[in-house]
Amino acid sequence: MDADDARATDRDELTVATFNIWFDDYHAEQRYRAIADLLSARRPDVIVLQEVTPAALELFLEQTWIRDEYLSASAVGGHTGNYGMLMLSRVPIVRATESQLPTRQTRGFLEAELAIDGAQQIVCCVHLDSGKSSVRLRGWQLRRIFRALRSAENAVVLGDFNMRDAENDRIAAPFCDVWPALRPDDAGYTEDTSINLMRFDARNKKRHVRFDRVLLKGTRWRAASIELLGTEPISPELPRVFPSDHFGVECRLIGQR
């Protein structure tokens, strides 16, 4: 979609979604198409994807519904390796920039300014280093992102934070972690081997963690709902193949005037 064709920017709701699509070759094309179909049925206003390879980027951008309705910004291939990022937006993108983080795993963040009601709205796709040994490094990365967004009055930060519950205190005002704010009695695991048999098969290890998150800053939006995506196998014929080793997250925001 061309910028001039972008949809009207005066909106009372904004739906955002994040999905780490898993770069592994295992049923990759079928999984990516399942993710595309899932997102096509929901049509979030802003979609951010992590672990996007050049082949995955080509597959997503060839989707008719994406070509017709969305603008895109990406950091894929080259220095990103298998950890590329893609942002799709039905809202006009004023600018988009990629920033590298201090990292051992080619991680970074993709920041875009969207034109909504004539005001600045920042959406940031993040992917932090993984593993228990990277706890301190994730702290540095998160502080770097928060510093970059210090001047933004309204921001949505979403993606794969790779953070465990022991790190939750790193997220504090002015940022709100939406899942526990709205659903404090629901763990919201986005890697859950009790459900995702593909994730269990890949490592033969149990895992229950909430790596994928949506953070909200500012008063322009109020989080109204949040839910997991991709929690079912991609087909009855492939009962142990899921869209990704992660579940996606979709969050609906309501405008506050």
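Me: Does R147 count as buried, partly exposed or exposed, and what is its relative accessibility?

Reply: Buried means under 20% relative accessible area, exposed over 50%, and partly exposed in between, with a 1.4 Å probe and protein chains only; R147 counts as partly exposed because its relative accessibility is 47%. This is a predicted model, where local features need pLDDT of at least 70 and side-chain atom pairs count only at pLDDT 80 or more, while totals for chains, interfaces and linings use all residues. Residues are numbered from 1 along each chain as its sequence is written, and side-chain values use heavy atoms, leaving out hydrogens and water.

Me: How many salt bridges does a search of the whole structure find?

Reply: Side chains of opposite charge can pair when their charged atoms come close. Counting a side-chain nitrogen of Lys or Arg within 4 Å of a carboxyl oxygen of Asp or Glu as a salt bridge, the search finds 20 in the whole structure. One of them joins R11 and D45, whose closest N and O atoms are 2.7 Å apart. R11 lies in the segment before β1 (13–20) and D45 in the loop between α1 (28–42) and β2 (46–52), so this pair ties together parts that are 34 residues apart in sequence. R11 is buried at 13% relative accessible area, and D45 is buried at 8%.

Me: Which residues do salt bridges with shared partners join into one network?

Reply: For another pair, R138 and E167, the closest N and O atoms of the salt bridge are 3.0 Å apart, and both residues are buried. The network formed through shared partners consists of R11, R43, D45, E69 and R90.

Note on methods
Helices (H or I, at least four residues) and strands (E, at least two) are DSSP runs, numbered from the N terminus.
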